[in-house]
Amino acid sequence: MSTPDRRTLIADTAIATVAAAGLRGLTHRAIDTAAGLPAGSTSYYFRTRTALIGACYQRIEELDLDDMEPRRPGSRAEAAAWLGIMLHRWLTTGRERQLARYELSLEAARTPELESALHRAGLAARARAEAVLAALGADRPREAAELLVAWTDGVLFDRLAGAMARTRPAPDPEELTAVAHRMLDAALTAG
């Protein structure tokens, strides 16, 4: 296994571990075991826990941005469908990644060494949203993107970890597309 592949395996395993056990479960030894790697492998690639958390941020950013790759939607309806699909993916098959992102975000809020990775990921997400909103004719796409990203995060957090998260039915793609349409309408009006 080449170095980039092993780094990716470690980061993916660390993300899954954080999603399942929180940051208290994130140890070099736990990642070696869960990834099926020889003892010391995680420590070889990521000497410190902070470096391992940084690898998680980088991998989450990479995966999220791949999901967010704008298709340059030609209409609000296309953009809402794209956003609804993305929300559905993040609430189902990407659930663990989003849970880990929230855990890691709280850690970054308390750890100055990690703050820049969180900030970089946030700027990248906003830039993607801004490009979509500009293509849809937003007067102030940067401001509209700020709102859209905040609302998207709010929907995700509410459905993944909010007080009613466990009592709600499984996410419905059509419902999420309708929510996305309302969010886009509001963002384009406000921004």
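User: Which residues lie nearest the centre of the largest pocket?

Analyst: This is a predicted model. The lining of its largest pocket comprises 30 residues. Those nearest the pocket's centre are Arg101, Gly122, Ala125, Val149 and Asp153.

User: Which helix gives the most to the lining of the largest pocket?

Analyst: Helices H4 (49-67), H5 (76-91), H6, H7 (112-135) and H8 each supply at least two residues of that lining. With eight residues, the one that gives the most is H7.

User: What is the volume of the largest pocket, and how is its lining divided by class?

Analyst: The volume is about 570 Å³. By class, the lining is made up of 20 nonpolar, four polar and six charged residues.

User: How many charged residues are in the lining of the second largest pocket?

Analyst: The second largest pocket holds about 150 Å³ of space. Its lining includes Leu91, Arg95, Arg159, Leu160 and Arg166. Six of the lining residues are nonpolar and none is polar, while the number of charged residues is four.

User: How are H6 and H8 oriented to each other?

Analyst: H6 (residues 95-110) and H8 (residues 141-161) pack with their axes 11 Å apart, at an angle of about 105 degrees. Angles of 65 to 115 degrees count as roughly perpendicular. The two helices, H6 and H8, are therefore roughly perpendicular.

User: Which residues of H8 meet H6?

Analyst: From H6, the contact involves Arg95, Gln98, Leu99, Arg101 and Tyr102. The residues of the contact of H6 with H8 divide into five nonpolar, one polar and three charged. On the H8 side, the residues are Asp153, Leu156, Phe157 and Leu160.

User: Where in the protein is confidence lowest?

Analyst: The mean pLDDT of the protein is 91, with 96% of its residues at 70 or more. Confidence is highest in helix H2 (residues 28-35), at 98. It is lowest, at a mean of 87, in H7.

Note on methods. Residues are numbered from 1 along each chain as its sequence is written. This is a predicted model: local features need pLDDT of at least 70, side-chain atom pairs count only at pLDDT 80 or more; totals for chains, interfaces and linings use all residues. Side-chain values use heavy atoms; hydrogens and water are left out. Axes are lines fitted to C-alpha atoms, for helices over the stretch in contact, and angles run from 0 to 180 degrees between N-to-C directions. Helices (H or I, at least four residues) and strands (E, at least two) are DSSP runs, numbered from the N terminus. Angles under 35 degrees count as roughly parallel, over 145 as roughly antiparallel, 65 to 115 as roughly perpendicular and the rest as oblique. Contact means heavy atoms within 4.5 Å. Ala, Val, Leu, Ile, Met, Phe, Trp, Tyr, Cys and Pro count as nonpolar, Asp, Glu, Lys and Arg as charged, and the others, Gly among them, as polar. On a 1 Å grid over the protein atoms alone, a cavity is a set of points where a 1.4 Å probe fits but cannot get out, and a pocket is an open set with protein on both sides within 12 Å along at least five of seven lines; lining residues have an atom within 4 Å of a point. Grid points are joined across faces, edges and corners, and a volume is the space filled by probe spheres set on the points. pLDDT is the predictor's confidence in each residue, from 0 to 100.
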